Amino acid sequence: KFTTRLLLLARARNTSVESCRKRNMSNGAASACALAAVGIGALAMCFARRREASQLDKLQHKIEEMKETIRHEKRKREDDRKGRTRAEKRLRQLAAKGINIGNLVETTSAKTSEISSTSASASSSSSSLFIGMNFQPIGFVRSGYIDRRGTPRQGSGVPSGIGRLELIGAVQPQDSLDGLQHYSHLWVIWVFHENTNLAKVQSISSSSSSLPSTSGSSRKNKKSSMKRRAGPRFRMKAKVRPPRLDGKACGLFSTRTPHRPNPIGLTSVRIESIKGRSVFVSGLDMIDGTPILDVKPYIPLYDSIPRARIPDWITSSTTFRKVIISDDVIKELKAAEPSFKHYSSCEQFIKALSQILRNDIRSHFQRCLKKTKPQLPKARPVGNCGAKSSGNSCNLNAIKRQYEVRMDVIRVLYEIDDENNQVKVISFGIIPST
């Protein structure tokens with residue numbers, strides 16, 4: 001643009017000189033006219049440059065404002081997600097203590113009486129539609145999986161993982177478990193009680209009012225059903241990203257994701273023994289405290305389908321990693337062996353841990369993270385635990401990202417070597433009691 005404007009100025013000067021000569025003006029007058037034309041053109045060019053500069057400044061200012069708005073929205077969304085997760089955990093704690101959450105909301109939020117009345121009417125209408133579907137747990141799972149991190153996605157992949165199913169006294173375990181000792185395996189129906197999508201699941205009760213009514217004339221039914229369909233919609237994500245698909249999405253009903261409209265899990269376990277009200281099992285994938293809805297015996301005649309069809313992505317990526325545990329790290333674990341609650345020996349613990357870590361238990365988001373400085377374990381070390389993984393004097397460029405798994409009373413710190421397809425256990429530490 002600058003070169004074009006210089007050419008225009010030169011052309012304006014030549015044009016002014018030629019016009020002056022045609023009018024029989026002297027050379028001095030012609031030169032003066034040419035200089036005046038050039039000056040006017042230069043002023044016009046400077047004005048245009050200044051105008052463009054101001055426009056660029058305005059655009060740059062708008063871009064910065066948009067960037068700041070995006071950053072603010074991201075921070076707000078992250079804060080909302082963290083607050084919702086904390087609130088749902090608090091609701092679970094209150095529910096576990098037997099506190100009536102509905103009464104608590106009414107006493108603490110008097111200003112939202114209209115919203116409370118609306119939600120109460122929706123819940124009453126949904127409860128009237130689904131009478132008899134209020135399930136109560138028949139027992140709870142006691143296992144070495146403390147939280148969701150490290151819990152197997154499928155119990156059959158970790159056959160050495162052990163636990164027990166403790167039934168409550170209301171179901172009369174001595175009589176209801178009679179005859180179960182003749183079976184080798186068991187179906188367990190349970191609840192994903194630590195899901196963090198409680199708000200989305202609760203929207204089902206409000207959207208259940210969209211069912212058409214069966215009373216009155218057809219015209220009234222049509223109008224009422226149209227009004228009800230205009231209410232709250234089902235807000236669950238219809239597609240999820242299974243870890244085996246490496247970021248690709250598919251329908252949630254074609255996967256075994258825990259985030260479901262009704263967060264119910266199904267697991268087949270091996271029966272080890274039955275003592276009193278407890279059923280000792282192996283090959284489970286449920287965390288400690290999981291509510292049990294029902295148990296059913298596994299019958300191969302009815303439950304096994306040898307020629308069942310499955311997608312290729314389920315079997316195409318079944319590669320196991322080599323788990324490396326040094327002798328020094330094993331000594332640290334043996335020092336904590338008396339504190340075990342579920343595992344009877346250090347060898348049994350290491351076998352179950354190796355079966356967990358040989359499968360890449362990281363999510364797709366964790367796999368895509370770049371290598372950063374590891375977080376030091378907060379667990380109380382056993383012996384010299386953590387002395388070799390302090391990382392204070394090592395080269396940060398050579399550090400691999402570290403992860404942790406909690407099993408029984410042990411916090412395991414490990415790192416993954418993608419180049420050699422290996423998992424190296426760095427340290428063991430006893431989880432401090434709260």
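1. In this predicted model, ring pairs join F340, Y343, F349 and F428 into a cluster. A search of the whole structure returns 6 aromatic pairs. One of them is the edge-to-face pair of Y343 and F349, with 5.6 Å centre to centre and 85° between the planes. Another is the pair of F349 and F428, also edge-to-face, with 6.3 Å centre to centre and 70° between the planes. This second pair links distant parts of the chain, since F349 belongs to helix α11 and F428 to strand β13 (residues 422-430), 79 residues apart.

2. As to burial, Y343 and F349 are both buried. F349 counts as buried because its relative accessibility is 0%, under the 20% cut-off. F428 counts as buried because its relative accessibility is 1%.

3. The largest nonpolar core has 46 residues, and the members that touch the most others are F349, I410 and F428. Helix α11 (residues 346-357) supplies the largest share of this core, with 7 residues.

4. A reader may ask where S160 is found, and with which residues S160 is in contact once its neighbours within four places in sequence are left aside. S160 lies in the loop between β1 and β2, and its contacts beyond those neighbours are Y343, K351, A352 and Q355. S160 counts as buried because its relative accessibility is 12%.

5. Strand β1 (residues 139-143) pairs with strand β8 (residues 291-297) in the antiparallel sense over 2 bridges, and here G139 stands opposite I292. The antiparallel pairing of β1 with strand β2 (residues 162-167) runs over 5 bridges, with E166 in β2 as the bridge partner of F140. β2 in turn pairs with strand β7 (residues 278-282), again antiparallel and over 5 bridges, and F280 in β7 is the bridge partner of R164.

6. F280 also takes part in a contact between a charge and a ring, in that the charged end of K275 sits over the ring of F280, 5.8 Å from its centre. A further arrangement of this kind involves R358, whose charged end sits over the ring of F320 at 4.5 Å from the ring centre.

Terms used
Residues are numbered from 1 along each chain as its sequence is written. This is a predicted model: local features need pLDDT of at least 70, side-chain atom pairs count only at pLDDT 80 or more; totals for chains, interfaces and linings use all residues. Side-chain values use heavy atoms; hydrogens and water are left out. Two strands pair if DSSP finds at least two bridges between them. Buried means under 20% relative accessible area, exposed over 50%, partly exposed in between (1.4 Å probe, protein chains only). Contact means heavy atoms within 4.5 Å. A nonpolar core is a set of buried Ala, Val, Leu, Ile, Met, Phe, Trp, Tyr and Cys residues joined through side-chain atoms within 4.5 Å. Rings of Phe, Tyr and Trp (its six-membered ring) pair if their centres lie within 6.5 Å; planes under 30 degrees apart count as stacked, over 60 as edge-to-face and the rest as tilted. A charge sits over a ring if NZ of Lys or CZ of Arg is within 6 Å of the ring centre and within 35 degrees of the ring normal.
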